[in-house]
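Student: Could we go through this model together, starting with a single residue and then moving on to a sheet?
Tutor: Gladly; here it is.

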Amino acid sequence: MIEAQAIAEVLVISPPRFGDSRGWFSESWNSAKLAALGFTEQFVQDNHSYSAQTGTIRGLHCQIAPFVQGKLVRCVRGSIWDVAVDIRKGSPDYGRFVAVELSAANGRQLWIPGGFLHGFCTLEPDTEVIYKVTAGYDKASERGVIWNDPDLALPWPVAPDQAVLSDKDVIMPRLAACEPWFTM
């Protein structure tokens, strides 16, 4: 149910599905069951995004103190390539990333702790993503890095000229130009 990734703090959570002739049922979140496995995060808000086009990129984003967010991300319609980038200065994994495909079909969820950038790219049209966060949104605490930062060299599944971006995400700085937001 919980799979460690190349960066130990990033986890894939795969809730079991129980199927029959009608379809399936799954507990997408059960705090008691996950606490028994060592996952004890407390969430304060659920977010839901809809992206109309394939190749829509949202990110790379984070929030700094006092509103640092951990995120538990799942795709409930369509599919995404989801990425977490460690930006904790002093971490042995600084600048490294974990990326996984999340889809309505596979039911997987990605846990992205505070201290990481988060972003995703839609792999299908009409994709919906729901994510739980450990702190509420605070505009003054929001930070970001350009999605195609050459120092990170993320293997986005879309050609740069085909990426659909918000005005905000087009002008984000490179990580090297940012002050350290998180330290270990």
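Student: Is Ser51 buried or exposed?
Tutor: Ser51 is buried, as its relative accessible area is 2%, where buried means under 20%, exposed over 50% and partly exposed in between, with a 1.4 Å probe and protein chains only. This is a predicted model, in which local features need pLDDT of at least 70 and side-chain atom pairs count only at pLDDT 80 or more, while totals for chains, interfaces and linings use all residues. Residues are numbered from 1 along each chain as its sequence is written, and side-chain values use heavy atoms, leaving out hydrogens and water.

Student: And what does the side chain of Ser51 make a polar contact with?
Tutor: Its partner is the side chain of Arg58, at 3.0 Å; a polar contact is a pair of N or O atoms within 3.5 Å, one able to donate a hydrogen and the other to accept it, and residues adjacent in sequence count only if both atoms are side-chain atoms.

Student: Switching to Thr54, where is its place?
Tutor: Thr54 lies in the loop between strand 5 (45-51) and strand 6, strands being DSSP runs of E with at least two residues, numbered from the N terminus. At 40% relative accessibility, Thr54 is partly exposed.

Student: Now the sheet: in what order do the five strands come?
Tutor: The order is 10-8-12-6-14 in an open sheet with antiparallel pairing, where two strands pair if DSSP finds at least two bridges between them. Strand 10 (97-103) and strand 14 (142-144) each have a single partner strand, so one side of each lacks a neighbour in the sheet.

Student: How many bridges join strand 6 to strand 12?
Tutor: Four bridges join these antiparallel strands, and His61 has His118 in strand 12 as its bridge partner.
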